[in-house]
Amino acid sequence: MPQSCTAQDISSSSSPSMAALTTLALLAGCLALLLLAPWARRLVRHLLRVGRQVYLTLDVPGPACLPLLGTLPAFLRFWEDMEGTLLDLVAEYGPTVRFRMVDRVALLVMHPDDVQAVITYLFLFSCTAFGYTAPGCARQAVCTHPALVNKADQLVRSLRPFTGDGLLLLNGREHRAHRKAISPSLHFDILRDFVAVFDKNSRALAERLGKHADDGRVFDVHREFGKLTSTTLQETVLSLSEDQGEGKAGDVFNVVGDLALYRGMRPWWQNDTVFRLLSPHYEQHKRAEEDMDTLVLRVLAARRAQVSRGGAPAPPRRRMAFLDHVLRSEEAHAMSEAELRAELKTLLFAGSATSMDFLSYLTVVLTILPDVQARLQQEVDGVFGAPGSPGADRPLLPEDLVHLDFLERVVKEALRLAPPVPMLFRQASSDVTLPRGVFVPEGTVVILVPAGTHRMPSVFPEPLRFDPDRFLPERSQGRHPYSFLPFSAGPRNCVGFRYALMFVKTAVANLMRSYTFVPPPSGAPRTLQELHRRMQPGATMTIKGGALVRLARRAPGS
Ligand code: HEM
């Protein structure tokens, strides 16, 4: 009779293989579940993508990686102290530096050849390697390659709640369409009309500053420039007069910039639910979103109604605000209400913090370099007459700006040394090789750092010296066209760069007509190097502790 097997036998004879099978089945089940869940699939895909980025950029030099965190601490250190670390990074690793963040690889790109490729989308690559040879081309050709045209997705996610999908964040066809609708409204002829507003508001600022000149006390000129910039933008973009506009708009834009960067830099705050439940900044974030909406909603609704009724008289051609131009343009009719709102918020945000921070930086530079300030005053007096002379008080006209050559060079040199937008973020939508041979895998974030490009001694000799005359035409000849990027370049350059230059020149000229900026007796930076150590990168570069100055009235005939 065959022996029956006992339970004991079963467990002892088959337990190892059964246990292994069960474990395997469980694992396979979990894996299948994971792969079926969309979020799990996304996660696995993302990890594979990042792994590929890491592997294919192993030969690009960069700081050493920590387990899990990668080079995030090194990147945040660089972010906190760009002045102190930028040149060291370049000296150690060269003009392309690789960072490995928690969830992606980022490459800092500073060499003008590579910069050109990134922002003009033109790539020099070996045609034969792609099995394609351009007519008349033996090995290399300039080919249009849109791989790096898109903004990095963290930037888009962190700024979108505030501005919506405006020019700064849009990609591809939508970007081109909006750009086409908006650019004509910032045309040179229209900007000439805005000079009257720039002049009126900066003279009002000069008047307000009189009290500081009289009491001789130290004050933070950044707040004043905030008011000047936001009032002027609201007037020229939305057609709001000073008392209709939102006086605190400048503060809102600063907060928005800081919050967007704070969130964009920290991968753990990317998820909306996590940010809402856990972040100490959520309430502030929500308020700032509401403030941005409030700024444009009221005006846009009223103006749209006017235009569609057709009854409201068009504002006189002179002083017509940007919004009035856009609403009357054919392209804008194709834009939805939400798109138009996003563009208005984008223009106000992009134009405000950049201009006010730059004016503050330039003013502090003038306190440190009295010779430059004296030369500026001399030039301004040559155009308007010395203080107290007949006509010295006349309004500034667009024609005057053409004669302020030295001022233009001072502005450019200040933009070179401290470009207000510290980093430009792009993300590779496919694999691409930069002209100097660095391979950029799909998904990699490419960060242009204008301050790094602007300090390459091969392009700007003695790069740390403030020398406005390096922008004289004879000294600019032969300079790489993509070595000076305060407004970026190419099809995604700053749409407001002419506006910004005219506005800044008008404001500085009007202040120089009446005042001399003087350094505070103590606690202020005494050298450019000290000033640069205090520059704090955010969405724009601000001065830690504010732009502290004193003001002295210029004596008649001085
Ligand atoms: C000193 C002042 C300014 C500086 C340094 C500056 C700099 C820049 C830079 C570097 C970019 C490119 C950003 C990127 O690629 O990520 C940019 C884009 C932009 N700027 Fe400015 N900007 C200034 C003033 C203004 C003003 C006054 C306006 C509006 C009136 C403006 C509107 C814009 C817009 C809409 C974009 C997005 C353009 C696009 O992607 O097509 N900016 N700006």
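What share of the 558 residues of the protein count as buried? The figure is 40%, where a buried residue has 20 or more other C-beta atoms within 10 Å of its own, an exposed one has 12 or fewer, and a partly exposed one falls in between, with C-beta atoms placed from the backbone. This is a predicted model, in which local features need pLDDT of at least 70 and side-chain atom pairs count only at pLDDT 80 or more, while totals for chains, interfaces and linings use all residues. Residues are numbered from 1 along each chain as its sequence is written.

The protein has 22 helices and 13 strands; these are DSSP runs numbered from the N terminus, with helices (H or I) of at least four residues and strands (E) of at least two. Contacts are counted when two C-beta atoms, placed from the backbone, lie within 7 Å. Among contacts between residues at least 6 apart in sequence, 76% join residues at least 24 apart.

Helix α7 covers residues 172-182, and its buried residues are His175, His178, Ala181 and Ile182. Seen down the axis of α7, these residues fall within an arc of 130 degrees, so they line one face of the helix; the arc is taken from the directions from the helix axis to the C-beta atoms. An α-helix has 3.6 residues a turn, so residues three or four places apart point the same way. Gly172, Arg173, Arg176 and Lys180, on the other side of α7, are exposed.

Cysteine 494 lies in the loop between α20 (473-476) and α21 (497-514). Cysteine 494 counts as buried because it has 20 C-beta neighbours inside 10 Å. Apart from its neighbours within four places in sequence, cysteine 494 is in contact with Phe487 and Ser488. An unreviewed UniProt entry places the feature "binding site" at Cys494; UniProt positions are given in the numbering used here, feature names are shortened, and annotations may be inferred rather than shown by experiment.
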